Amino acid sequence: FVRIGSAYEQHKVRSPDCFDILVPLRLPPHLEPQPRCAHGLGPRGDFVCGLRARDGWSRRCRPFAEGFCVELQGRSHLSSGLVLRWFQGHLQRCLGAVRYRLQERCRISLSACPGHPPTLHILPCSDYVCCHISMAVRLIPAIPLGDALYLTALPPQNSPGPPAPDALWGLNASRQEQRLLGWLKEQAPASSCHLKCLQILKGLRDLRGQSLEEPFCSQWGRVLSSYILKTALFSVLLRGPLEAWDERFLVERLEDLVLYLRDCLRKQVLMDFFLGNTSIPEAVALPRFLKEAAPVNLLAAFDGPTLDLVAFQLISTWIQAPHIIRMYSSPRYLRPVPTP
């Protein structure tokens, strides 16, 4: 498995006992994945995964193709939806095999929503109250592409009709993000505040979301997703001297990040940091697949009025940050976490 996400990168703002893990899946030994951008089939940045048979398509390929592939543009493509459904069923069978052996130590359950990776919930069995803390592990099936790149079975929302959505995959470059964060940690001052800035901004986003009504509340969270905030942080970090990120300049650097995001929202442009980016430091070696990929605007999926409204709310949130923290951090304003 591959550990990814904010829990391992030290900028998590929600429960510290929730983790994301990639579970690499092996294709049959005679098949190789052939990913390509899904031009015209979904949002920019999505991929489809063709399959290449080393010895040509033969009878032994047919059972796999019938169980896990869909036809798209006259070719057989690996289906993220079919793989995800198989993965969930396989996990459920595995859980049945281990639950009895672990029943004296912990209770284990599996929850899954259609189209989303399953989550494993673990509750220790103990007489001590402090040990009654459940741990949630989101298990994300992934197709390895080599060079620490993965296709993840996360079908996008509001995609065009079938069969295209069932063939769409997301590209996961979490290992490259971790390498960049490791390089930045080496180059920046020992007391650098860049991760703390990201953590605070994510916390302000979540607190402001408590006061927003639907449908804008959902749009606010999608536009200012953790990936978009992290992308903005990477861009701002590499613009200026890393010495300026010493912790004593935290407020100034946080304001720089907020203003950079506001400008991106107004211009409706924030480019993916890894896809087609030629300005990444040479010390952070990128796979050829990422270097040669077409650049992707992460804000292209949102309309102008929505981005303008988010930009306005973002500046308002920054100006009112002390008030928002005092008001919406109180328990009566926090939305309850759903019980597993």
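## A cavity, a pocket and a few backbone details

L201, L204, R205, W220, L224, L229, L314, T317 and W318 line the largest cavity of this chain, which you are viewing as a predicted model. The volume of the largest cavity is about 60 Å³.

**The cavity**

- Counting cavities of 30 Å³ or more gives one.
- Two helices, helix 6 and helix 11 (304-319), each contribute at least two residues to the lining of the largest cavity.
- Sorted by class, that lining holds seven nonpolar residues, one polar residue and one charged residue.

**The second largest pocket**

- This pocket has a volume of about 370 Å³, and 14 residues line it.
- Nearest the centre of the second largest pocket lie E9, Q10, L181, K185 and L195.
- At least two lining residues come from each of helix 1 (6-9), helix 5 (174-187) and helix 6 (194-209).
- Helix 5 gives the most to the lining of this pocket, supplying four residues.
- The lining of the second largest pocket comprises six nonpolar, five polar and three charged residues.
- Domain 1 (2-173) and domain 2 (188-270 + 303-333) each provide at least three residues of this lining.

**The chain as a whole**

- There are 12 helices and 11 strands in the chain.
- Of the 340 residues, 44% are buried.
- If you take the contacts between residues at least 6 apart in sequence, 64% of them join residues at least 24 apart.
- The chain has an accessible surface of about 18,500 Å², and carbon and sulfur atoms account for 55% of that surface.

**Backbone points worth a look**

- A cis peptide bond runs from E214 to P215, with omega near 5°; P215 sits in the loop between helix 6 and helix 7 (216-223).
- D147 is a residue other than glycine with a positive phi, near 55°, and belongs to the loop between strand 9 (135-146) and strand 10 (149-152).
- D147 counts as exposed because its relative accessibility is 55%, and the cut-off for exposed is over 50%.
- Q268, also a residue other than glycine, has a positive phi near 60°; Q268 is in the loop between helix 9 (250-267) and helix 10 (288-291).
- With a relative accessibility of 32%, Q268 counts as partly exposed.

Terms used. Residues are numbered from 1 along each chain as its sequence is written. This is a predicted model: local features need pLDDT of at least 70, side-chain atom pairs count only at pLDDT 80 or more; totals for chains, interfaces and linings use all residues. Side-chain values use heavy atoms; hydrogens and water are left out. On a 1 Å grid over the protein atoms alone, a cavity is a set of points where a 1.4 Å probe fits but cannot get out, and a pocket is an open set with protein on both sides within 12 Å along at least five of seven lines; lining residues have an atom within 4 Å of a point. Grid points are joined across faces, edges and corners, and a volume is the space filled by probe spheres set on the points. Ala, Val, Leu, Ile, Met, Phe, Trp, Tyr, Cys and Pro count as nonpolar, Asp, Glu, Lys and Arg as charged, and the others, Gly among them, as polar. Domain bounds come from an automatic or database domain assignment. Buried means under 20% relative accessible area, exposed over 50%, partly exposed in between (1.4 Å probe, protein chains only). Contact means heavy atoms within 4.5 Å. Accessible areas come from the Shrake-Rupley method with a 1.4 Å probe; for residues, only the protein chains shown count as cover.
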